[in-house]
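Here are a few notes to read alongside the structure. Keep it open and find each residue as you go.

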Amino acid sequence: MNDLSPIDFTEIESLDDEPRGKRRDWRRLAWIALVVAGVAIAWLFLRSGSAPAAAPPMPVVTVATPLQQEVAEWDDYIGRFEASNSVEVRPRVSGQIVAVHFRDGDVVGKGQPLFTIDPRPYTAALAEAQAGVATARSDLLLARSDLDRALRLVEADAVAQSEIDRLRSRVTAAQASLAAAQARVRSRSLDVEFTTVRAPIAGRISDRRVDPGNLVAAGDGPAATLLTTINATDPLHFVFDGSEGLFLKHRREGLDKGAPVEIRLQDEAEYSRQGTLDFTDNGLDPSSGTIRARAVVPNADNFLAPGMFGNMRMTSGRTEKALLVPDTAVQTDQTRKLLLVVARDGTVAAKEVQLGPVLPGGLRVVRNGLAPTDRVVIAGTQMAMPGGKVRPELGRIAQPTTAQVKPAAKQPAAG
């Protein structure tokens, strides 16, 4: 018989409870660690949120009151330079080109030889005409001698009156023949002279259109061969169109002729070229309502060339008190022109203004929308925002020199 002892279930229960208790301790520790971490994160978050952010520094801008200046009124136009005289050089006799006496693009003087046409046929024709003169002169001398002899015989009734009349008619015909022969000599002499093609005016010549060895033809107008062209470039004409309103204004002020003008080229900032209005057309163009006018502009250095565009302004003879600000201070908002002004408390505001022209020196005329006491932002405009605040520093707008204070123009110009 086996000795079986009874089973103690309390020991089994205690052995089974030991790992279960350890698991409860680990869970408790994990919950405690999680709570502590959450409290730490919340504390850090609350600490960082409660600290005030550092305020950005206030933008610094330079402000100045507008400069007040007496300027004259000018009207602006856009036009183009034209040669004061332009000639197409064409031959007056036909023949072969044997020499060219200029370089393409030279400045030539009036009467300077340009081309030589083979003169030999024309020299021979001149010699023939001169021989004809000698023949006609001989015939005239013979006719006069016969008439004189006949007149001496009239007293002796040895010659009839009809013979005297015939001899007198012969003398008259011989005189006419001599005159015709002399005219032929002059014509042939001109042909010989025309074999040397000379510059009809002084100016800058274009390139040659015909090389030596080519035959050229004389003719009337475009029928003749084009050899080259010459443009008179000193002075030049500046041609532009003006509106009827500006024409009437200048006509009433007596400035439709002789008024001074100033011109600048497309790549120039200042109106450095002067001229004088010398022509206004005799009527307005009915389709556009404009009138064509012209100014004479000296061009001693030959820098200007026909066909160049330019901006011209012409005085209207009146002056006005204008407010001037740097052109760099002007802001553009679509179609509006704005200036930023700063109030006493540093608040920035935008003022819509009506602008005039830019004067030499970079100053812009402000016609409307700005008061003489306004503090205009002239530097730091990119940091100033309307409605924001800035720290203004007082500056000043530089006074233009005497050379720079050219009369201003009325805006906009019609042309």
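A nonpolar core is a set of buried Ala, Val, Leu, Ile, Met, Phe, Trp, Tyr and Cys residues joined through side-chain atoms within 4.5 Å. Keep in mind that this is a predicted model.

1. Start with the largest nonpolar core, which has 21 residues. Leu324, Val325, Leu339, Val366, Leu370 and Ile397 are the members that touch the most others in it. Strands S2 (67-89), S13 (309-326), S15 (336-342), S17 (354-359), S18 (363-368) and S19 (376-379) each give two or more residues. S13 provides the largest share, at four residues.

2. Now zoom in on valine 366. Leaving aside residues up to four places away in sequence, valine 366 touches Leu323, Val325, Leu339, Val353, Gln354 and Leu355.

3. There is also a second, separate core, made of 20 residues. Look for Phe102, Phe115, Ile201 and Leu227, which are among its members.

4. Next, helix H3, residues 161-194. The buried residues of H3 are Ile164, Leu167, Val171, Ala174, Leu178, Ala181, Val185, Asp191 and Phe194. What covers them? Strand S5 (113-117), helix H2 (120-154) and strand S6 (196-198) are included in that cover.

5. On to the rings: how many aromatic pairs does a search of the whole structure find? It finds four. One of the pairs joins tyrosine 77 and phenylalanine 240, with 4.9 Å centre to centre and 50 degrees between the planes, which makes it tilted. Tyrosine 77 lies in strand S2 and phenylalanine 240 in strand S9 (residues 228-243), so the pair links parts of the chain 163 residues apart. Tyrosine 77 is buried, because buried means under 20% relative accessible area and its value is 4%. Phenylalanine 240 counts as buried too, at 4% relative accessibility.

6. Phenylalanine 81 and phenylalanine 238 make another pair. Their ring centres are 5.0 Å apart and their planes are at 70 degrees, so this pair is edge-to-face. Again distant parts of the chain are linked: phenylalanine 81 is in strand S2, phenylalanine 238 is in strand S9, and they are 157 residues apart. Are these two residues buried or exposed? Both are buried. Put together, Tyr77, Phe81, Phe238 and Phe240 are linked into a cluster by ring pairs.

7. Last, have a look at arginine 313. Its charged end sits over the ring of tyrosine 271, at 4.1 Å from the ring's centre.

Notes
Residues are numbered from 1 along each chain as its sequence is written. This is a predicted model: local features need pLDDT of at least 70, side-chain atom pairs count only at pLDDT 80 or more; totals for chains, interfaces and linings use all residues. Side-chain values use heavy atoms; hydrogens and water are left out. Buried means under 20% relative accessible area, exposed over 50%, partly exposed in between (1.4 Å probe, protein chains only). Contact means heavy atoms within 4.5 Å. Rings of Phe, Tyr and Trp (its six-membered ring) pair if their centres lie within 6.5 Å; planes under 30 degrees apart count as stacked, over 60 as edge-to-face and the rest as tilted. A charge sits over a ring if NZ of Lys or CZ of Arg is within 6 Å of the ring centre and within 35 degrees of the ring normal.
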